[in-house]
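I opened my notebook to follow a few side chains through this model.

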Amino acid sequence: MTSWRSQVRSLLIPPILLFLLSEIRGENNLADIRVRFAPSPTGYLHIGGARTALFNWLFARHNDGRFILRIEDTDRERLKEDSVEQIISSMRWLGLDWDEGPDVGGDYGPYFQSQRLGIYLKEIRRLLDEDKAYYCYCTQQELEQRRQQAVKEGKAPRYDGRCRNLTVEEQQSLREQGRNPVVRLKVPTKGVTVVEDVIRGTVTFDNALLDDFIIQKSDGMPTYNFVCAVDDHAMEISHVIRAEEHLSNTPKQLLVYRALGYNAPVFAHVPMILAPDRSKLSKRHGATSVEEFRDQGYLPEAIVNYLALLGWSPEGDQEMISMEECAKQFDLAKVSKNAAIYDTKKLTWLNGNYIRSIDIDRLVDLSIPFMRQKGLLPEQISPDMRDYLKRVVAAVRERTRTLVELADACSYFLTDDFEFDEAGVKKHFLKEGVAELLEKGRSVLQRLDKFDAASTEAAYRALIDELGIKGADIIHPTRLAISGRTVGPGLFDMMELLGKEKTLDRMARAIEYIKKLA
RNA sequence: GGCCCCGUGGUCUAGCGGUUAGGACACCACCCUUUCACGGUGGUAACAUGGGUUCGAGUCCCGUCGGGGUCACCA
């Protein structure tokens with residue numbers, strides 16, 4: 001929109017009026033909060049990116065602003081197939097919806113940088129014409145050589161600016177050698193560039209340490225630090241909220257802003273998320289992508305909750321907090337400065353809390369794919385089956401922390417095909433007289449008409465009294481007999497869920513098994 | 001290596017000159033209990049370090065050390 005707006009302006013409005021107009025409007029009207037998440041499609045959305053996206057989202061929602069998704073795909077070499085789709089689906093899954101972006105559109109599009117080339121080229125042309133940028137004919141090999149030389153001499157590997165003042169003739173002859181030039185920005189050699197960062201405060205960079213960096217590659221593609229500034233301006237981004245690794249890029253972008261005559265947005269560099277070994281997140285650290293966490297049975301609300309707590313904290317001692325509540329409370333100034341190491345343990349704890357507290361029907365829906373994966377479910381789920389699943393899930397949710405664990409905890413309710421837990425066999429089946437005990441238990445159960453938890457428990461308690469044994473003496477072996485496990489829901493709840501027939505069958509089977517053990 | 005950022009228990013954090021340094025995860029113990037969880041109670045455990053400033057410093061300043069980031073025709 002800025003592009004057409006400025007085009008229209010420059011066509012129709014005399015310069016003096018234009019000046020007044022921009023004064024009145026203010027390029028940086030803070031009343032219009034616009035933030036963006038700008039991933040490059042080189043892979044999955046990892047939790048660091050997700051957290052950056054989340055903070056942008058929270059800030060936008062808190063301020064009733066707009067959240068924009070922009071795809072930074074100017075490097076076609078590193079572009080990965082399906083990556084955009086992956087990122088989009090991960091964000092949607094987490095509930096991070098955007099107001100403008102690919103697939104939803106918006107007034108400031110296109111939202112793929114690869115489709116915005118015209119805008120960049122125009123601005124590069126302008127800088128060239130205004131003598132704020134110049135062509136550089138040095139080849140990559142030459143630059144690499146000089147860089148290595150500098151490093152060897154212990155000097156900073158900076159571009160020496162040798163092409164800054166080439167004459168037309170010199171340029172002509174270099175072109176005739178078949179050299180494709182890059183475009184470099186003329187960076188002031190003196191003074192400082194100051195970044196005002198909401199999170200970090202005032203950060204000062206010495207211009208002398210910067211070099212004339214490349215804004216357009218020899219293949220004609222503009223570079224990141226350039227397009228980023230151009231787009232943030234063109235899309236009227238008010239606040240740039242991104243990871244701290246970009247802090248040292250910021251002076252470069254500020255220089256682009258200055259050269260182009262733009263007003264700068266407000267910057268906020270959020271701390272990085274580090275792997276448990278304190279290094280930058282990568283695949284070798286195991287699950288780091290949102291998709292992997294999803295596949296491990298984590299709920300989106302747990303991940304969002306966890307990520308929000310990493311580097312930010314709500315009022316009071318609240319740990320469980322919804323996205324909406326986060327948005328209500330979110331404040332950039334309260335974002336921590338130090339990098340955080342992510343710890344799956346707390347995520348898992350949160351996830352367990354959510355598994356226990358979300359709506360049961362939703363929990364069933366969420367766990368069905370995980371049960372399917374274990375081959376526990378038929379193609380079609382009948383209403384009766386669904387009802388049964390609901391009761392099973394309700395019984396086991398208390399003691400599971402991920403959907404994978406949940407599906408596992410459901411398994412013996414859905415299949416007769418299970419082994420007896422090895423340690424459990426040693427502990428409960430090898431005891432003297434267990435088979436007989438189970439026989440007795442089985443026969444009192446067999447006489448029951450009603451087979452709900454209360455009835456089976458009453459029957460068992462009567463037997464326990466009669467035999468003068470401890471409840472645990474028969475309860476543990478029975479549990480192992482009907483579930484194959486030593487842990488799980490209350491025994492009588494299990495019986496009720498399984499029903500009389502299965503309970504008795506499994507007990508009979510266990511009795512046979514025990515007899516063979518002897 | 002230069003530049004930049006950061007430094008409260010193992011981990012995430014609260015703290016914004018005067019606190020017995022609070023909470024959460026994890027860990028340990030006990031209680032509840034048919035198991036496992038949940039829940040409850042209690043516990044172990046931190047201001048990196050050395051100088052300043054101040055009546056008084058986790059909080060402010062400087063040095064040191066440690067960690068991270070960045071120095072590309074990647075983003």
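With which side chain does the side chain of Glu100 make a polar contact? I found that the partner is the side chain of Arg66, at 3.2 Å. (A polar contact is a pair of N or O atoms within 3.5 Å; within protein, one must be able to donate a hydrogen and the other to accept it, and residues adjacent in sequence count only if both atoms are side-chain atoms.)

Before going on, I noted that this is a predicted model, where local features need pLDDT of at least 70 and side-chain atom pairs count only at pLDDT 80 or more, while totals for chains, interfaces and linings use all residues. Residues are numbered from 1 along each chain as its sequence is written, chains are lettered from A and ligands numbered from 1 in the order in which they are written, and side-chain values use heavy atoms, leaving out hydrogens and water.

I placed Glu100 in the loop between helix H4 (83-94) and helix H5 (117-129). (Helices, H or I with at least four residues, and strands, E with at least two, are DSSP runs numbered from the N terminus.) Glu100 counts as buried, at 2% relative accessibility. (Buried means under 20% relative accessible area, exposed over 50%, and partly exposed in between, with a 1.4 Å probe and protein chains only.) Thr250, in helix H9 (residues 250-260), is buried at 0%. Its side chain reaches the backbone oxygen of His246 at 3.0 Å.

**Entry: salt bridges**

How many salt bridges does a search of the whole structure find? I got 39. (A salt bridge is a side-chain nitrogen of Lys or Arg within 4 Å of a carboxyl oxygen of Asp or Glu.) Arg36 forms one with Asp232, the closest N and O atoms being 2.8 Å apart. Arg36 lies in strand S1 (residues 34-37) and Asp232 in helix H8, so the pair ties together parts that are 196 residues apart in sequence. Arg36 is buried at 4%, and Asp232 is buried at 1%. I then saw that Arg36 and Asp232 belong to a salt-bridge network with Arg70, Glu72, Arg116 and Asp231.

Next I looked up Arg362 and Glu301, whose side chains meet at 2.6 Å, N to O, in a salt bridge. This pair links distant parts of the chain, with Arg362 in helix H14 (residues 360-373) and Glu301 in helix H11 (residues 300-309), 61 residues apart. Arg362 is partly exposed at 32%, and Glu301 is partly exposed at 21%.

**Entry: rings**

My search of the whole structure gave 11 aromatic pairs. (Rings of Phe, Tyr and Trp, the last by its six-membered ring, pair if their centres lie within 6.5 Å; planes under 30 degrees apart count as stacked, over 60 as edge-to-face and the rest as tilted.) Why is the pair of Tyr412 and Phe413 tilted? The ring centres are 4.6 Å apart and the planes stand at 35 degrees, so the pair is tilted. Tyr460 and Phe492 have centres 5.8 Å apart and planes at 75 degrees, so I wrote them down as edge-to-face. Tyr460 sits in helix H19 (residues 453-467) and Phe492 in helix H21 (residues 491-498), 32 residues apart. Both Tyr460 and Phe492 are buried.

Last, I found ring pairs linking Phe418, Phe420, Phe429 and Tyr513 into a cluster.
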